Amino acid sequence: MLPVVAGGRALLRSALLLSTLLWRLAAAGNPELPTAVNITWSSINFKTILQWQPKPSGYFYTVEIHGQTSNTRKKCIQTTETECDVTDVVRNVKETYTAHILSVTSQGMDNFEEPPFAVSEKFTPYNQTVVGKPEIQNYTQKGSKLSVVFQDPLTPYTFPNGSFLSVRDIFQNDLEYRLYYWKDQSSGKKAETSKSHIFEVSVDSTKNYCFYIQGIIPSRRENRSGQESLVLCTTVGRNILDEYKAEVFIIIAVIAIAVITLAVVLSVVLCKRRRARAVRRKEHLNTL
């Protein structure tokens, strides 16, 4: 009896193995479930969004994030969207990740199913996230000194106390900032680099200046420059000619022409009056 029982168990295991293999082959080759295309990573200040195409019809997507050293994590399970916020599963910012976009049916996945999927390019947040716009908090131009104070962009990640980490907290000495400044209404730019939150540069005290700030990561080969802050301009020493220029000159010219014309007209009128008085006086003398 024992050989018969052992043979039956072996036969059963073989049948299960064969059925599993056939199931996987059928699922992987399912022509009714298209796989994702145009998979892209979009990341600013470590907020990371995965995007792809096409919009599903009659099926769903599930995202799997695979790290080189971390466990696989699933996000946006059975979604009909074509984007997924994966910020929380790529928190190890120096890890390199790939995303598998699985195409699944409404019945979902079981232990034997291996649905069709597409694989993204590799993504390392530390090397590829874009540094966002710095926030300029204050700026002054006193004499020949322009001072600009700004704040680091914040990330979605938090300290244990709940406060948000800034990009500087993550990049530390790898991060620096560049101030671009120029005379108002001029195209010639100058640049100053700093790792602090304050810029102080020498300027012409008689001119107004415009400027913006940009984060820089010199150690990168790509994506070295971050987003530019708002462009702001000082107003020290600005007068009506700086504000309106051509308009002011036109107004001054019109006024000057009007004054000259009025002077000429008055001169002519006064001259005629003098002549008329002289004629009347002469006539009066002749009658005496």
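This is a predicted model: local features need pLDDT of at least 70, side-chain atom pairs count only at pLDDT 80 or more; totals for chains, interfaces and linings use all residues.
Now look at strand E2, residues 47–53. Three bridges join E2 to E5, and the two run antiparallel. Which residue of E5 is the bridge partner of Leu50? Cys84 is.

Cys84 takes us to the disulfides. The count is two. Cys84 bonds with Cys76, and their sulfur atoms sit 2.0 Å apart. The torsion about that S-S bond is about 95 degrees, so this disulfide is right-handed. Is Cys84 buried or exposed? Its relative accessibility is 1%, so Cys84 counts as buried. Cys76 has 25%, so Cys76 counts as partly exposed.

On to the other link. Cys210 is joined to Cys233, S to S 1.9 Å. This link is right-handed too, with 105 degrees about the S-S bond. Cys210 lies in strand E15, residues 209–216, and Cys233 lies in strand E17, residues 232–233. The pair therefore ties together parts that are 23 residues apart in sequence. Cys210 is at 4% relative accessibility, so Cys210 counts as buried. Cys233 is at 30%, so Cys233 counts as partly exposed.

How are the bonds arranged along the chain? Count the bonded cysteines in order, and the pattern is 1-2, 3-4.

One more cysteine to point out: Cys271. Its relative accessible area is 32%, so Cys271 is partly exposed.

Notes. Residues are numbered from 1 along each chain as its sequence is written. Side-chain values use heavy atoms; hydrogens and water are left out. Two strands pair if DSSP finds at least two bridges between them. Helices (H or I, at least four residues) and strands (E, at least two) are DSSP runs, numbered from the N terminus. A disulfide is a pair of cysteine sulfur atoms within 2.5 Å. Buried means under 20% relative accessible area, exposed over 50%, partly exposed in between (1.4 Å probe, protein chains only).
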